[in-house]
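Subject: Structure handover

Hello,

Here is the structure we spoke about. My notes on what turned up in it follow below.

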Amino acid sequence: GRRRVFLASVLGFSATTCATGFARSPAEFVFMQMVCRTFMIAAAATSVVIITEEFPAKDRGWGLGMMGALAACGHGLGAALFAAIEYLPYGWRALYVFGLAPLLLFPLLRRGVAETHRYLDHHQKRIASGDSTTGLAGWARPLKRLFTSYRGRMAGLTAVSLFAAFGAASVFQFSGYYLLKELAWTPGQYSLMVIVAGAFGIIGNVAAGRLGDRIGRRGVGVIFLVTFPAAAWLFFNGRGSILPLAWMMVIFSWTACDVIMKALSTELFPTSYRGTASGWLIFTQTLGWAGGLGLNALTIEALGGMARTTWALSLLMLGATIALLFLPETRRRELEDISQDQRG
């Protein structure tokens, strides 16, 4: 079920975030953060499924965009707390104690988050059909059958997420290094740019969700996948006031692309595989981010420096654009019209 996994994940990342503040060694710190991030990813993947299954077809994109915007606000709050780290008792450890906030709100979440109607209907049909597979086979079967029953959609989604992550990884990872080391910006200038651009990026989530509901996921996705490398080129080749404007475009276009990818990862597949597909998107994006950084390290000397290499790799976004065109359009369509459960 969606509800139990989501609530368990909230409990998990809240408790392990707080526990990180009591780490006695680097090894304990790393372990707690690994467990914490596992729970956070599970909560994120499940929340996307809940919104997709519960929101009406005409507003699904908007719902996913609003979720992304609220998540961005959470990142902003974390940045604000970090700015006050010198004044907080116990320094950096105090930051992790704030992780108890979801735990304190858990009774409210438990009452407010209901199981989705689509999952309940699917669960009842599965029981009635005598399908009670459990254990490792039950866990692995949805992933296996995604690639056998929906191989075209899975191939397209995988290509979109991998190419997009390959193209975005270096841009985000090395933007600070580029400004601070190569252009000699001050930390204050960089922080101000990140905060302002981040606020603008929040709008990208909502704009992409609403536009996706009105003109289609593929059209919006293509626009922003093409915009991203153009904005990256402007950022790594511009000077002065152009840089903050270019970075706003980078943030805006990436958040927009992310909303479209999350929508497609859940809308293209039936209830029995929807959670698995949402998790697969995050898994492939993680591989893409790691691969993008690896490509940067392998090609930086051949391509002539950080700025040129990072922009060149951002062009991989165009591969995601091509793959996106082969996926079905899901705008304003009921989930049952997009795909049906395939049993057996």
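The model is a predicted one. I started with the aromatic side chains, and there are 19 aromatic pairs in the structure. Phe 228 and Trp 254 make up one of them, arranged edge-to-face, with 6.3 Å from centre to centre and 65° between the planes. Since Phe 228 belongs to helix H12 (residues 217-237) and Trp 254 to helix H13 (residues 242-267), this pair ties together parts that are 26 residues apart in sequence. Both Phe 228 and Trp 254 are buried. Phe 235 and Phe 236 are also paired edge-to-face, at 5.0 Å between centres and 90° between the planes. Phe 235 and Phe 236 are both buried as well. These four residues belong to one aromatic cluster, which also takes in Phe 172, Tyr 178, Trp 247 and Trp 289.

The largest nonpolar core counts 55 residues, and Phe 235, Trp 247 and Phe 269 have the most contacts inside it. Helix H13 gives the most to this core, namely 15 residues. Another core, of 9 residues, lies apart from it and includes Phe 6, Phe 13, Ala 43 and Ile 50. Back in the 55-residue core, Phe 269 touches, beyond its neighbours up to four places away in sequence, Leu 146, Tyr 150, Arg 153, Met 154, Leu 157, Leu 264, Arg 274, Ala 277 and Ser 339.

Arg 274 brings me to the salt bridges. The count comes to 14. The side chain of Arg 274 meets that of Glu 53 in one of them, at 2.7 Å from N to O. Arg 274 is in helix H14 and Glu 53 in helix H2 (residues 26-54), so this bridge ties together parts that are 221 residues apart in sequence. Are the two ends buried or exposed? Arg 274 is buried because its relative accessibility is 1%, and Glu 53 is buried at 2%.

Arg 217 and Glu 267 form a further salt bridge, their closest N and O atoms being 2.6 Å apart. Here the partners come from helices H12 and H13, so the bridge ties together parts that are 50 residues apart in sequence. Arg 217 counts as buried at 1% relative accessibility, and Glu 267 counts as buried at 0%. Arg 217 and Glu 267 also sit in one network of salt bridges that share partners, together with Lys 58, Asp 59, Arg 60, Arg 210 and Asp 213.

The bridge between the side chains of Lys 125 and Asp 121 is 3.2 Å from N to O. Both residues lie in helix H7, 4 residues apart, which is about one turn of the helix. Lys 125 is partly exposed, at 44% relative accessibility, and Asp 121 is partly exposed too, at 41%.

Helix H7 (residues 117-128) also holds Tyr 119. Tyr 119 counts as buried, with a relative accessibility of 13%. Its contacts, leaving out residues up to four places away in sequence, are Gly 1, Arg 2, Glu 53, Arg 126 and Thr 271. Tyr 119 and Glu 336 are 217 residues apart in sequence, yet their C-alpha atoms are 12 Å apart in space.

Some helix packing is worth a look on screen. In helix H15 (residues 306-314), the buried residues are Met 306, Ala 307, Thr 309, Thr 310, Leu 313 and Ser 314. They pack against H9, helix H10 (175-182), H12, helix H14 (271-303) and helix H16 (317-324). Ser 161 is part of helix H9 (residues 151-173). Ser 161 is buried, since its relative accessible area is 1%. Beyond its neighbours within four places in sequence, Ser 161 is in contact with Met 261, Leu 281, Thr 284 and Gln 285. Helix H16 contains Thr 321, which counts as buried at 9% relative accessibility. Thr 321 touches Val 222, Leu 225 and Val 226, again without residues up to four places away in sequence.

Last, the surface. Leu 211, Ile 215 and Ile 223 form a nonpolar patch there, with about 270 Å² of accessible area together. Ile 215 is in helix H11 (residues 187-215) and counts as exposed, at 51% relative accessibility.

Regards

Methods:
Residues are numbered from 1 along each chain as its sequence is written. This is a predicted model: local features need pLDDT of at least 70, side-chain atom pairs count only at pLDDT 80 or more; totals for chains, interfaces and linings use all residues. Side-chain values use heavy atoms; hydrogens and water are left out. Helices (H or I, at least four residues) and strands (E, at least two) are DSSP runs, numbered from the N terminus. Buried means under 20% relative accessible area, exposed over 50%, partly exposed in between (1.4 Å probe, protein chains only). Contact means heavy atoms within 4.5 Å. Rings of Phe, Tyr and Trp (its six-membered ring) pair if their centres lie within 6.5 Å; planes under 30 degrees apart count as stacked, over 60 as edge-to-face and the rest as tilted. Patches are made of residues with over 30% relative accessible area and no salt bridge: like charges are joined within 9 Å, nonpolar side chains (Val, Leu, Ile, Met, Phe, Trp, Tyr) within 5 Å. Accessible areas come from the Shrake-Rupley method with a 1.4 Å probe; for residues, only the protein chains shown count as cover. A salt bridge is a side-chain nitrogen of Lys or Arg within 4 Å of a carboxyl oxygen of Asp or Glu. A nonpolar core is a set of buried Ala, Val, Leu, Ile, Met, Phe, Trp, Tyr and Cys residues joined through side-chain atoms within 4.5 Å.
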